[in-house]
Amino acid sequence: MNSTFKTLSLAALVLACGQAAASDLRMLTSYTTTSAYTREVAERYIDMVESASDGEISFNLSGPDVVPPFEQLEPVSAGVFDVLYTHGAYHTNTTGVGAAMDSVFVDPAKVRESGLWNFIDGHYNELGIKLLAIVPLGSSGFQYVLKEPIEGSPSLEGRRLRGSPSYSSVTQGMGGTPVLMSSGDVYSALDRNVIDGAAWGLNGVKDLGWYEVADYFTKPTFGQTYTYLLMSLNKFEALPEGEQTALLEQGQALETEIVPILDQLAVDEWAALEELGMQATHFAPEDAERLDALVTEGIWQLGLEKSPEAVARMREIAEQHGMTP
């Protein structure tokens, strides 16, 4: 009995030590846990890291129902949560650097080679945050979902349109009124005619069910957009070196592989939305020509208003390397 007891105790101790050595990271996503971006980006990253670390790193994922998107950066910086998947527009009250990245052409290798990635990492380090990845959401960025088709110019005149700060320059430039709203509130706002449409990326309209309350998506698409994988700096620095390496290497791999995946998903989604009754509606030609310039300059200005010195340096790097119009 004594020997058996000792053997069982030793086994329990070994198991307990093994469990303590593994890192179970508390992760937030700014998108609903069923959305395309959570599924295709956040969960893909989780799978990649868990595989690369042989299960030494695991994640416990929570969505915006736990912490609203515009309030998520602080609890990660403070270490209440460990990792955050988000867009920079959701924390412009803290810094404009994250949102300003949407003015940079999609080229993950060049973002790193130019020094821009390291500059952004250093900026977030000052906020208690470690940058894990800057993830482009495909080769093109934005569209609108509208209740009524475009029939003239300015193309969005008189419409109230959901958006984050990233979209405000285009909405206003096209005659619309921006309404700051998280994605989870859009369906009911469209259904109750509180808004006339919503600015969004190229994936996830179907998952969000907006086709049930809006009949049109806009063409052409415009701009580019990036999301971020961020981590509490204190938590990152407390991890073993091998786990730090896994998190960073898989972040870099995700940046590279995700663009064609999301591009194809966008094409597939438009086809599915058409089968569900949605139609494309086109910006007036004179407006379509201005879309990229409006969104790019508007995002740079948003960043400069929030973090003038840091975003000015970002823009300088991007212009020196031909990474922005």
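## Cavities in the predicted model

A cavity is a set of grid points where a 1.4 Å probe fits but cannot get out, and by this rule the structure shown above, which is a predicted model, holds 2 cavities of 30 Å³ or more. The largest cavity contains about 120 Å³ of space, and the residues that line this space are Tyr31, Tyr37, His87, Ala89, Tyr90, Leu137, Arg162, Ser164, Tyr167, Trp200, Gly201 and Thr225. Divided by class, the lining of the largest cavity has 7 nonpolar residues, 4 polar residues and 1 charged residue.

The second largest cavity has a volume of about 30 Å³, and its lining is made up of Met101, Pro108, Val111, Trp117, Ile134, Pro136, Tyr226 and Glu255. Two or more residues of this lining come from each of helix H5 (108–113) and strand E4 (129–136). In terms of class, the lining of the second largest cavity has 7 nonpolar residues and 1 charged residue, with no polar residues.

## The largest pocket

The largest pocket has a volume of about 150 Å³. Around this pocket stand Phe70, Glu71, Gln72, Leu73, Glu74, Ser77, Tyr90, His91, Asn93, Thr94 and Leu127, and by class they comprise 4 nonpolar, 5 polar and 2 charged residues.

Asp121 belongs to helix H6, which covers residues 116–125. Because its relative accessibility is 9%, and buried means under 20%, Asp121 counts as buried. When residues up to four places away in sequence are left out, Asp121 touches Ile129, Lys130 and Leu131.

## Packing of helices H13 and H14

Two packed helices are described by the angle between their axes together with the distance between the axes. For helix H13 (residues 291–306) and helix H14 (residues 308–320), the angle is about 145 degrees and the axes lie 6 Å apart. On the H13 side the contact is made by Glu297, Trp300, Gln301, Gly303, Leu304, Glu305 and Lys306, while H14 contributes Pro308, Val311, Ala312, Met314, Arg315 and Ala318. Sorted by class, the contact between H13 and H14 has 7 nonpolar, 2 polar and 4 charged residues.

Key: Residues numbered from 1 in each chain as written. Predicted model: local features only at pLDDT ≥ 70, side-chain atom pairs only at ≥ 80, totals over all residues. Heavy atoms only, no water. Helix = DSSP H or I, 4+ residues; strand = E, 2+ residues; numbered from the N terminus. Buried < 20%, exposed > 50% of the residue type's maximum accessible area, 1.4 Å probe, protein only. Contact = heavy atoms within 4.5 Å. 1 Å grid on protein atoms, 1.4 Å probe; cavity = no way out; pocket = protein on both sides within 12 Å on 5 of 7 lines; lining within 4 Å. Points joined across faces, edges and corners; volume = space filled by probe spheres on them. Nonpolar A, V, L, I, M, F, W, Y, C, P; charged D, E, K, R; others polar. Axes fitted to C-alpha atoms, helices over the stretch in contact; angles between N-to-C directions.
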